[in-house]
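Load the model in your viewer and keep the selection panel open.

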Amino acid sequence: MGIMTRFARLCKADVHGFMDQLEDKGLVLKQHLREMEDELARKDARASRMLGMKQSREQELARTVRETNRIEEDLAAALGSDRDDIARFLIKKLKTVEAQKRELENFIAILDRDLDGLCECVRTQRGQYEQLRLQAAAYQLRAEQEAFRRTLSDCPATGAGACPDVSDEEIELELLRRKKSAGKEDAS
């Protein structure tokens, strides 16, 4: 590996390190969570549209089935009256309606499969989102605690605004108060 390649890598690493320090990881994390939430909302809307389309096609299929039954009744009447010309017309119409019915059934089956897949995907991703959201909240809490610890460690030992030293007697007094308070709660 040449010296220039190593130098280039070193420069890139320094730039990336500098950029990482500039970014507020908490804000970046919140932005990613918002983007995940938006994507889940888009998928929910898509699932809603697909469900509406499925319901519409199911209503259309029900009308087609009713139409098929009506044509079958008319065809039986035409055959019973020896009206072959009308029977031919009804058979042609029946074949067309049955083809339409098969297409609708196939389309509904495809919608069902796709909708089930999308809903499963959304459930999985929503679970992952919730898990990440909880992890992000825990990260944010740790960051706040760390900032608080740094603030306390920067606190001067003396002077105005000094962090007070707690004496052993104050600790014992607080312990007695809490025991007494806990004893009253247990008695109730």
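Colour by pLDDT, the predictor's confidence in each residue, from 0 to 100. The protein chain averages 85, and 84% of the residues score at least 70. This is a predicted model: local features need pLDDT of at least 70, side-chain atom pairs count only at pLDDT 80 or more, and totals for chains, interfaces and linings use all residues. Numbering starts from 1 along each chain as its sequence is written, and side-chain values use heavy atoms, with hydrogens and water left out.

Next, switch to cartoon. The protein chain has four helices and zero strands; helices (H or I, at least four residues) and strands (E, at least two) are DSSP runs, numbered from the N terminus. Select residues 3-22: helix H1 has the lowest mean pLDDT among the elements, 63. H2 has the highest, 93.

Now select residues 84-154. This is helix H3, with 71 residues.

Buried residues (under 20% relative accessible area, 1.4 Å probe, protein chains only; exposed is over 50%, partly exposed in between) include Leu90, Leu94, Val97, Leu104, Ile108, Leu111, Leu115 and Leu118. Residues three or four places apart in an α-helix point the same way, because there are 3.6 residues a turn.

Finally, zoom out. Of the 188 residues of the protein chain, 13% count as buried.

Methods: Expected span 1.5 Å × (residues − 1).
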